[in-house]
Amino acid sequence: MKKDSGYSTMAAHQEQEEKLWVAVKMSAVVLGSALLIFTALMNSVSWCVQKIWDTSGYFWQTTWLKLYYLLEGREWSLFLFGAALVPSLAFWCFNGILMVADVTGKPTFITRYRIQLGKNDPVDTQKLRQAIYTALFNQFFVSFPMLVPMFYVMKWWGNTFSKELPTFQWFLVELSVFTLIEEILFYYSHRLVHLPLLYKHIHKKHHEWTAPIGVVSIYAHPLEHILSNTLPVMTGPMLMGSHMVSITAWFSLALVTTSISHCGYHLPFLPSPEFHDFHHLKFNQCYGVLGVLDYLHGTDDVFRQSKAYERHRVLLSLTPLSKSIPDIPKRAE
């Protein structure tokens, strides 16, 4: 009897091993096939991207050389053009369109996507003028002077004004590093200026707008503009020794995206501004840019329980999210 029991135990054990081996082989086949398919797809995507980049890369390389020779290779002139003029034009052109909508309420294909309904409809023109004056002051008397030491740092690196542009792959690496550095520096400097003493004397100016508009992105006390707005964006290129074209693209992108975060409209196909708009509304939530550090520090708990969090995504239709995901009506008291 014991002998039969031993045989059955061994048989069961052997059967279990066979099942395990079959499972391992099946997993290997599935994972191997998936890996091959993934690799093939990635190679195809990389090939397509590389082809596009090779075509457009020739255009950008030629354009850069034309500018380089037009300015006779003068590094300071190239730096002012790329780090000051182009990003400023990107900022004011984008915000010019938004300010027309803020003041006139038209075109409706912008204003219908308003996040805080009934706010800035239309915007207070006196407050808007003050915001524009402050933004211009910060650009001309804070940001532009800060470009002087940055110029000498970039000159020290030695490849900022090279005639040859960086590869597309390297630019993507730089962009990732810039974004990470900005997230870290902006989050902690932003938390810092929310300390009661600093908030009262410095950051309160920026929070005069509980329903922000695009130009308010650089409406701030000069010290805050240095600490939270400018240094987090400048630091990445200075650490990486980036090419002038990378700096131009990054500065322009940073100014346009912060304008989107403050614009007050959740427009189709653009990054969601719900996160930072909620910060202006609630004051002590959503301090960062990407939201990663807010998640780690728990400074987005209230946001995650709100309707704004449900709306915090890229809008891929023409229906405003304020209609498809409306706020819960307040109870009558």
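Residues are numbered from 1 along each chain as its sequence is written, and side-chain values use heavy atoms, with hydrogens and water left out. Because the model is predicted, local features need pLDDT of at least 70 and side-chain atom pairs count only at pLDDT 80 or more, whereas totals for chains, interfaces and linings use all residues.

**Exercise 1. Overall composition**

Task: State how many helices and strands the chain has, and what percentage of its residues count as buried.

Solution. Step 1: helices (H or I, at least four residues) and strands (E, at least two) are DSSP runs, numbered from the N terminus. By this assignment the chain has 13 helices and 0 strands. Step 2: buried means under 20% relative accessible area, exposed over 50%, and partly exposed in between (1.4 Å probe, protein chains only). Of the 333 residues, 39% count as buried. Step 3: contact means heavy atoms within 4.5 Å. Among contacts in the chain with a separation of 6 or more, 72% join residues 24 or more positions apart.

**Exercise 2. The pair H2 and H8**

Task: Describe how helices H2 and H8 are oriented to each other, and which residues meet.

Solution. Step 1: two packed helices are described by the angle between their axes and the distance between the axes. Axes are lines fitted to C-alpha atoms, for helices over the stretch in contact, and angles run from 0 to 180 degrees between N-to-C directions. Step 2: H2 (residues 75–104) and H8 (residues 244–262) have axes that come within 9 Å and cross at roughly 25 degrees. Step 3: angles under 35 degrees count as roughly parallel, over 145 as roughly antiparallel, 65 to 115 as roughly perpendicular and the rest as oblique. H2 and H8 are therefore roughly parallel to each other. Step 4: H2 passes H8 in a right-handed crossing; a crossing is left-handed if the near helix is turned anticlockwise from the far one by less than a right angle, and right-handed if clockwise. Step 5: the residues that meet include Leu78, Phe79, Val86, Pro87 and Phe94 in H2, and Ile247, Phe251, Leu255 and Ile260 in H8. By class, the contact of H2 with H8 has 14 nonpolar, 6 polar and no charged residues. Here Ala, Val, Leu, Ile, Met, Phe, Trp, Tyr, Cys and Pro count as nonpolar, Asp, Glu, Lys and Arg as charged, and the others, Gly among them, as polar.

**Exercise 3. Pro87**

Task: Determine whether Pro87 is buried or exposed, and which residues it contacts.

Solution. Step 1: Pro87 lies in helix H2. Step 2: Pro87 counts as buried because its relative accessibility is 2%. Step 3: leaving aside neighbours within four places in sequence, Pro87 is in contact with Phe81, Gly82, Thr248, Phe251, Ser252 and Leu255. Step 4: the C-alpha atoms of Pro87 and Ile247 are separated by 9.6 Å, although these residues are 160 apart along the chain.

**Exercise 4. The pair H5 and H8**

Task: Classify the packing of H5 and H8, and give the classes of the residues in their contact.

Solution. Step 1: helix H5 (residues 168–193) and H8 pack at an angle of about 45 degrees, with axes 11 Å apart. Step 2: H5 and H8 are therefore oblique to each other. Step 3: the crossing of H5 and H8 is right-handed. Phe171, Glu174, Leu175, Phe178, Thr179 and Glu182 of H5 make the contact with Ser246, Ala249, Trp250 and Leu253 of H8. These residues divide into 6 nonpolar, 2 polar and 2 charged.

**Exercise 5. Backbone geometry**

Solution. Step 1: most residues other than glycine have a negative phi, and most peptide bonds are trans. At 55% relative accessibility, Phe269 counts as exposed. At 33% relative accessibility, Phe283 counts as partly exposed.
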